[in-house]
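Here are my notes from going through the model you sent. Have the structure open while you read.

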Amino acid sequence: AMAVSVDALRLLERYPGAAAVDPLMQAFDLCADTHVRRPKRPVPAPLDPGNDPEPAGERLYDLVEQEELWEAEALLRGALARGWDRSVVEPWLYRICAQHFMGFGHGLIYLRKIFDLLDAVGWDHAMDVLPAHLLALGSQTREDVLPEWGWFRKRMDAVEPRLEALYQGQAEGGRDLDTPTLVTALTDGTREEAFDAVTTALEAQAPLSAIVNAMSLAASERLLRFNHDIDADRTIQNSWLEVTHTFTFVNALRFAVERYRSPHVLRLLYFAARFINHHKVLDFPPDRRYHDGEATGDVDACRAGIEAGVGSRDAQGALDALGAFLRAGGDTDSLRPFFEDLAIGDVLTRPIHLAHLIKNCTAAFEEHRFLARAGHPEAALPLYAFIRFTASPIQERTVAHRSYEA
């Protein structure tokens, strides 16, 4: 609901007056779906953080690490009551978020969205949303401490003493990133190769924005390759929701490297590398993957072909039309209203799937814009990925799936 609320606000210019009901109800529906009649939770009284934000932030971090969430929330409430602003509080929360891979990436995704929300509605609302998010961060599963991540922890322990030096290297400048090599390591390499490719990029002093660009391309590739047969296979737990999360996590990472100026942010790069690489087992085999058929046509006909392909769940047709649209010089911004309207137009049923459609729409056009601004030759790949998602079959009802697991 939090993430969808922010994306719904972005649509209000196109939905003036009473029409605003259409986007806003998407967030209301998500809230009501899980929280109707739930009593308001008790909250602690504000705790004085003292006069110095730095030790207060360290104390907050320690409390969350120890899962002393009542006192942690009290401390944050005290800082907000004292009048400490975003410049103080945002790095505290990013530090907590960067320590662990939390809740399948939700911690980072929501953190970016919450500060976007406060930008839109005003810092006066910080007391309402930030302590609640802190409680969520402290309650989410720290996936990196689970047994499967043992190999990751060993590698992370080895690189941890170098994080500050690697981060300082950013200020010195460096050579251009070998983007194709990093993308290949993330999409097709072993888990160790994906991890080490991040270290190699940092050692080369490649800009963090360039590393995120490569990760955006790799996450887009994951969406393009996803074997949608898995989505309906009840013997496999993964679905479209997993691969769409890799994409929105990388989108949130892009904002993290800009907003959180600290060596701790580098851990998030390694989390993203593992996240992207881990899901390669969900790919189509090479002979079933989607491709650009080099179709041609005029812009209006191609736009109609994209919309028709999405409407009929013809992913290859929609992607062929997108390729032709781009080759004809079509303006990608002109595609956005159709997909925004689609995302809130009841094309999906279950709120969780609709939320992912809305969030990925925002992320896809953002990522395309950033890649195009960087002059990347594959800047359209996030749009290909998103359109492939919208034009593919999606298994929404999961009763049989969950019964089988049980």
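1. Start with Glu73: is this residue buried or exposed? Glu73 has a relative accessibility of 3%, so it counts as buried, the cut-off being under 20%. Bear in mind that this is a predicted model. Glu73 sits in helix H4, which runs over residues 69–81. Setting aside neighbours within four places in sequence, Glu73 is in contact with Arg41, Val43, Pro44, Pro131 and Leu134.

2. Next, helix H3 (residues 53–65). With 13 residues, H3 reaches 18 Å from its first C-alpha to its last, close to the 18 Å expected at 1.5 Å a residue. The buried residues in H3 are Ala56, Gly57, Leu60, Tyr61, Leu63 and Val64. Look down the axis of H3 and those buried residues fall within an arc of 165°, so they line one face of the helix. What covers them? The cover over the buried residues of H3 includes H4, helix H5 (86–99) and helix H7 (126–139).

3. At the start of H3, Asp52 has a side-chain oxygen within 3.1 Å of the backbone nitrogen of Glu54. After H3 comes Glu67, with a positive phi near 60°.

4. Finally, the largest pocket, which holds about 1400 Å³ of space. Its lining is made up of 40 residues, and Ala1, Met2, Cys31, His35 and Ala132 lie nearest the centre. Helices H1 (2–9), H2 (21–35), H6 (106–121), H7 and H19 (351–373) each supply at least two residues of that lining.

Methods:
Residues are numbered from 1 along each chain as its sequence is written. This is a predicted model: local features need pLDDT of at least 70, side-chain atom pairs count only at pLDDT 80 or more; totals for chains, interfaces and linings use all residues. Side-chain values use heavy atoms; hydrogens and water are left out. Helices (H or I, at least four residues) and strands (E, at least two) are DSSP runs, numbered from the N terminus. Buried means under 20% relative accessible area, exposed over 50%, partly exposed in between (1.4 Å probe, protein chains only). Contact means heavy atoms within 4.5 Å. The expected span of a helix is 1.5 Å times one less than its number of residues. The arc is that of the directions from the helix axis to the C-beta atoms. A polar contact is a pair of N or O atoms within 3.5 Å; within protein, one must be able to donate a hydrogen and the other to accept it, and residues adjacent in sequence count only if both atoms are side-chain atoms. On a 1 Å grid over the protein atoms alone, a cavity is a set of points where a 1.4 Å probe fits but cannot get out, and a pocket is an open set with protein on both sides within 12 Å along at least five of seven lines; lining residues have an atom within 4 Å of a point. Grid points are joined across faces, edges and corners, and a volume is the space filled by probe spheres set on the points.
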